[in-house]
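The sequence and structure are shown below.

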Amino acid sequence: MNNNISLIIIFLFGLIVNAQNKNSYQKEVEILLSKMTIDEKIGQMNQYNGFWNATGPEPVGGDASKKLKNLKSGLVGSMLNVRGVEEVRAIQKIAVEETRLGIPLIFGFDLIHGYKTIAPIPLAESASWDLEEIKKSAALGAKEASAAGINWTFAPMVDISRDARWGRVMEGAGEDPYLGSLIAAARVKGLQGEDLSSPHTIAATAKHFAAYGFIESGRDYNTVDIGVNTLHNIVLPPFKAAVDAGVKTFMNSFNDLNGIPATADSYLQRDILKGLWGFDGFVVSDWGSLREMIDHGYAKNKNHAGELALNAGSDMDMESSIYLQEIKKLLVDKKVSMEQIDDAVRRILKVKYELGLFDDPYKYCDLDRESSITNSNEINTGALEMAKKSIVLLKNQKKLLPLKKSGQKIALIGPLASDKNSPLGNWRIAAENNSAISVKEGLEAFKGNIIEYSQGVRLVNKIPEGFHEEVQINNTDKTGFEEAKIAAKNSDVVVMVLGEYGFQSGEGRSRSKLDLPGFQQELLEEIYSINPNIVLVLMNGRPLVLNWANKNIPAILEAWHLGTQSGNAIAQVLYGEYNPSGKLPMSFPRSVGQIPIYYNHKNTGRPGADGEDAGSVFWSHYIDEKNSPLFPFGYGLSYTSFNYSNIELNKNYLENNDDDYLIASIEISNTGDFKGKEVVQLYLHDKYASAIRPVKELKGFEIIELDPGKSKKVSFKITKKMLEFYYNKNDWISGWGAEPGDFDLYIGTSSATKRKIEFELLK
Ligand code: BGC
């Protein structure tokens, strides 16, 4: 048989097997559903947080023993925060062996950026713009977590945000819906892999549906009030991209959107997600978000909250127990229907089948696999690669970087320089405390220089009420300044590691100020007065306000919270073993007062000349600050330099159909001394439209690598599809389209690029 024919036969066979699998899941689900009592169905819709040590003695009395009793009665469909093979196996055994139908549990966990081996925080990873590396990082996280019994993560968080005060920006991909959509898809594909039934992949969750990133004043859990334009063009695209990438579950959110709590938002969950987008997985509530609708002032009581949530399409109740307590009564009272319950249960069972849990409920429970995969070299190597690519060079004057590898006395100063906990960032539930490689350790691995370390501002251990221990930056004690000043005086170069401690960003960690916390700014200024040869390494989970540093400090490296391999990655970049290539996924403001600040804003009727100086009073500006950010979206330097020239279009019009396209191209040369990578960025601007369009929108990018002296022509294909946006028709189904007219096309090194060319979309 010739090769082609055999390939076709294999392909057709694959299609048949696939189709059978799909159908058989449907059949299996229906058979199982037909055997279930109403209590067992409601049980599948109930998720409990891990409530007792399953491998220890059984709880007696109290809430834990009640929950265990419910588990044994088949009244639990999923658990969260249970982890480790032994624990998971012990609990799964109860579900499988002691309940009437033996339906396996699905085990959820917040695998946000690594399990035991911690990868960079998601915002940092996004700064790499490297979709393959981000996908790989998610896949490695899934491999380590699944080896510890977990088969479902509440990630990726795909919330777009323009507000650095919100601590949860660390969990997302930043401010841009285009980059955010590509990263959402990459993460979903990395976590779920090609085959969800493999023991190394897990189900992903797109969260928080929707608009949580637009909470007012950046204060966590606050209200959201945005119009359809922002909702459809900015907030929803990454969620849609996650659906298109095959994401298995969604999580709704704590916030209300225009007065309706997301958990009870039927327009979002039923009309858009399950209706328009055809999502066939299930929606889990956020932690207790059903119950919170009472505090929101939307639900009268728990019973009412259950009714609102189920009617709106929330399928699983995380930790509020409202479904368990109220659905049966709601059914009798005809406030919810059996069809709604069956639909929710079908969706949940389907994901369990797809994971292969019915074939082998213990498939994630292999002790040997757990010990060989946890903290393995493969996962650590991946974390290091990802960390290097996440670093952004913000400033490098006098070629202070890369550091010379020998003959130097380096003063290493700052509370975060030897800290092994903060680099792990927030959301690292399973990681060992203090398990990151510190900057000090990373630098000391290079032997050629003398390093003198001084903390300057001390760290203190604190335990916020009812929470785990965290290291915070002290703001009462300056006694470490003197020693640090002496170290600075005696050194050739000072490396200062400053920023936010690991738990200073994340959930519930909103800030009203974005400067360096505690005495760090003071320390920086005092050290500068002694030795200005400073490389500032920043560790933080969100954009900071860095005006003084940017004005005075010659070299600044944005190193975020980079995870387990932090110190190695930072040292390799400082010494030039890796030439930084990251680009900011979020604008860095000059002042908190500029927030929300984002590159893809609209123009106003009084934009001023070039958005900066209108030379008068009555234009859209501040009288005490510029409009522009300190560092714009897409910004990041390299140890080498790149020159952009000859922006061209092969023609200056696009036919109004789906087949025609333009080719935009540009010449890029490496004009510096190092081999380097550059993220070449394409932006479009629809100059007039039926709804005002942003001044620029990212629509493409390519990462290139060039040797010194070399050039490359980079081309982008422009299609009508790329010009589409949601315009204010009152009908959301037909709301998308491209409008004929004039467009600016920009190509450059950041969103601030002014290099443009024009074209027209014909009528
Ligand atoms: C967060 C979610 C998270 C959940 C479970 C909530 O507080 O908002 O993002 O997945 O807890 O840990």
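## Helix packing and cores

In this predicted model, helix α3 (residues 62–72) and helix α4 (residues 85–98) have axes that come within 8 Å and cross at roughly 45°. The two helices α3 and α4 are therefore oblique to each other. On the α3 side the contact uses Leu 68, Leu 71 and Lys 72, and on the α4 side Ile 91, Ile 94 and Glu 98. By class, this contact of α3 with α4 has 4 nonpolar, no polar and 2 charged residues.

The buried residues in α3 are Ala 64, Ser 65, Lys 67, Leu 68, Asn 70 and Leu 71. Their cover includes β1 (46–49), α4 and α13 (322–332). Just after α3, Gly 74 has a positive phi of about 75°.

Another helix pair is α8 (residues 228–235) with α9 (residues 237–244), packed at an angle of about 40° with axes 6 Å apart. That angle makes α8 oblique to α9. From α8, the contact takes in Leu 231, His 232, Asn 233, Ile 234 and Val 235; from α9, Pro 237, Pro 238 and Phe 239. These residues divide into 6 nonpolar, 2 polar and no charged.

| Helix pair | Axis distance | Axis angle |
|---|---|---|
| α3 and α4 | within 8 Å | roughly 45° |
| α8 and α9 | 6 Å | about 40° |

In soluble globular proteins, nonpolar side chains tend to be buried together. Here the largest nonpolar core has 128 residues, and those with the most contacts inside it are Phe 250, Met 496, Val 535, Trp 560 and Leu 574. At least three residues of this core come from each of domain 1 (27–103 + 263–375) and domain 2 (383–587). A second, separate core has 41 residues, among them Met 36, Met 251, Leu 310 and Leu 357.

Leaving aside residues up to four places away in sequence, Phe 250 touches Thr 205, Ala 206, Phe 209, Phe 239, Val 243, Leu 273, Trp 277, Phe 279, Phe 282, Val 283 and Val 284.

Met 722 lies in the loop between β24 (711–719) and β25 (725–726). Thr 749 is 27 residues from Met 722 along the chain, and their C-alpha atoms are separated by 20 Å.

Terms used:
Residues are numbered from 1 along each chain as its sequence is written. This is a predicted model: local features need pLDDT of at least 70, side-chain atom pairs count only at pLDDT 80 or more; totals for chains, interfaces and linings use all residues. Side-chain values use heavy atoms; hydrogens and water are left out. Axes are lines fitted to C-alpha atoms, for helices over the stretch in contact, and angles run from 0 to 180 degrees between N-to-C directions. Helices (H or I, at least four residues) and strands (E, at least two) are DSSP runs, numbered from the N terminus. Angles under 35 degrees count as roughly parallel, over 145 as roughly antiparallel, 65 to 115 as roughly perpendicular and the rest as oblique. Contact means heavy atoms within 4.5 Å. Ala, Val, Leu, Ile, Met, Phe, Trp, Tyr, Cys and Pro count as nonpolar, Asp, Glu, Lys and Arg as charged, and the others, Gly among them, as polar. Buried means under 20% relative accessible area, exposed over 50%, partly exposed in between (1.4 Å probe, protein chains only). A nonpolar core is a set of buried Ala, Val, Leu, Ile, Met, Phe, Trp, Tyr and Cys residues joined through side-chain atoms within 4.5 Å. Domain bounds come from an automatic or database domain assignment.
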